[in-house]
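This briefing covers the fold, the helices, the loops and the nonpolar cores of one structure. Definitions are given where a term is first used.

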Amino acid sequence: MKTTPDILDQIRAHGADAYPEEGCGFLLGTVTDDGDNRVAALHRATNRRSEQRTRRYELTADDYRAADTAAQEQGLDVVGVYHSHPDHPARPSATDLEEATFPGFTYVIVSVHDGAPEALTAWALAPDRSEFHREDIVRPDPEAP
């Protein structure tokens, strides 16, 4: 995943704002020639889960459509999803794997402990949906054209 420090800070802030519940949203951007997702903007979403909101989040088809519309308005695509893990590590849970649906998306998780964001990681879902693979988070060189 390629992105800016500002985008990463926005994800951390959303995780802190949602604490002690899970916060979630969409990553908007483009796919680079080498297949990486370049995240240029976020679309915050509401956690639609009615129960266990401190351990689970839910996004609806309407949430995805709203994110897709926001992306298109900016000349972007939906390229991933982010969510927070309150008081848990920034690595995918068994539920995250079970509910992940889009190989090719980037899945970002931010760990939030006692309301303060900590580790932030990025993951890619295997094509057969059997596991996640860790993605590097690359910040563009500010000197690059």
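Two strands pair if DSSP finds at least two bridges between them; helices (H or I, at least four residues) and strands (E, at least two) are DSSP runs, numbered from the N terminus. The model is predicted, so local features need pLDDT of at least 70 and side-chain atom pairs count only at pLDDT 80 or more, while totals for chains, interfaces and linings use all residues. Residues are numbered from 1 along each chain as its sequence is written, and side-chain values use heavy atoms, with hydrogens and water left out.

- Six strands make up an open sheet with mixed pairing, in the order 2-1-3-4-5-6.
- Strand 2 and strand 6 (132–135) are at the edges with a single partner strand each, so one side of each has no neighbour in the sheet.
- From one strand to the next the twist averages 35°; axes are lines fitted to C-alpha atoms, for helices over the stretch in contact, and angles run from 0 to 180 degrees between N-to-C directions.
- Four bridges link strand 5 and strand 6 in the antiparallel sense.
- Ala 124 has His 133, in strand 6, as its bridge partner.
- Helix 1 packs on the sheet, where it touches strand 1, strand 2, strand 3, strand 4 and strand 5. The direction of helix 1 makes about 25° with that of strand 2. Contact means heavy atoms within 4.5 Å.
- Helix 2 lies across strand 1, strand 2 and strand 3, and runs at about 40° to strand 1.

**Helix 1**

- Helix 1 (residues 5–18) has 14 residues and reaches 20 Å from its first C-alpha to its last, close to the 20 Å expected at 1.5 Å a residue. The expected span is 1.5 Å times one less than the number of residues.
- Ile 7, Leu 8, Ile 11, His 14, Gly 15 and Ala 18 are buried in helix 1. Buried means under 20% relative accessible area, exposed over 50%, and partly exposed in between (1.4 Å probe, protein chains only).
- Seen down the axis of helix 1, these buried residues fall within an arc of 120°, so they line one face of the helix. The arc is that of the directions from the helix axis to the C-beta atoms.
- The cover over the buried residues of helix 1 includes strand 1, strand 2, strand 3, strand 4 (106–113) and strand 5 (116–125).

**Helix 2**

- The 13 residues of helix 2 (residues 61–73) should span 18 Å at 1.5 Å a residue, and the end C-alpha atoms are 18 Å apart, which agrees.
- The buried residues in helix 2 are Asp 63, Ala 67, Ala 70 and Ala 71.
- Viewed down the axis of helix 2, its buried residues fall within an arc of 100°, so they line one face.
- Gln 72 and Glu 73 are exposed on the other side of helix 2.
- Strand 1 (24–31), strand 2 (37–45) and strand 3 (77–86) are included in what covers the buried residues of helix 2.

**Loops and the end segment**

- Tyr 19 and Pro 20 are joined by a cis peptide bond with omega of about 15°; Pro 20 lies in the loop between helix 1 and strand 1.
- Asp 114 is not a glycine, yet has a positive phi of about 50°. Asp 114 sits in the loop between strand 4 and strand 5 and is exposed, with a relative accessible area of 71%.
- Arg 129, also not a glycine, has a positive phi of about 65°. Its place is in the loop between strand 5 and strand 6, and at 45% relative accessibility Arg 129 counts as partly exposed.
- Val 138 is in the segment after strand 6 and counts as partly exposed at 37% relative accessibility.
- Leaving aside neighbours within four places in sequence, Val 138 is in contact with Met 1, Lys 2 and Thr 3.

**Nonpolar cores**

- A nonpolar core is a set of buried Ala, Val, Leu, Ile, Met, Phe, Trp, Tyr and Cys residues joined through side-chain atoms within 4.5 Å.
- The largest nonpolar core has 20 residues, and those with the most contacts inside it are Phe 26, Leu 28, Val 78, Val 81, Tyr 107 and Phe 132.
- Strand 1, strand 2, helix 2, strand 3, strand 4 and strand 5 are the elements that give two or more residues to this core.
- Apart from this core lies another, of 14 residues, among them Met 1, Ile 11, Tyr 82 and Val 110.
- Not counting residues up to four places away in sequence, Val 78 touches residues including Phe 26, Leu 28, Tyr 64, Ala 67 and Phe 105.
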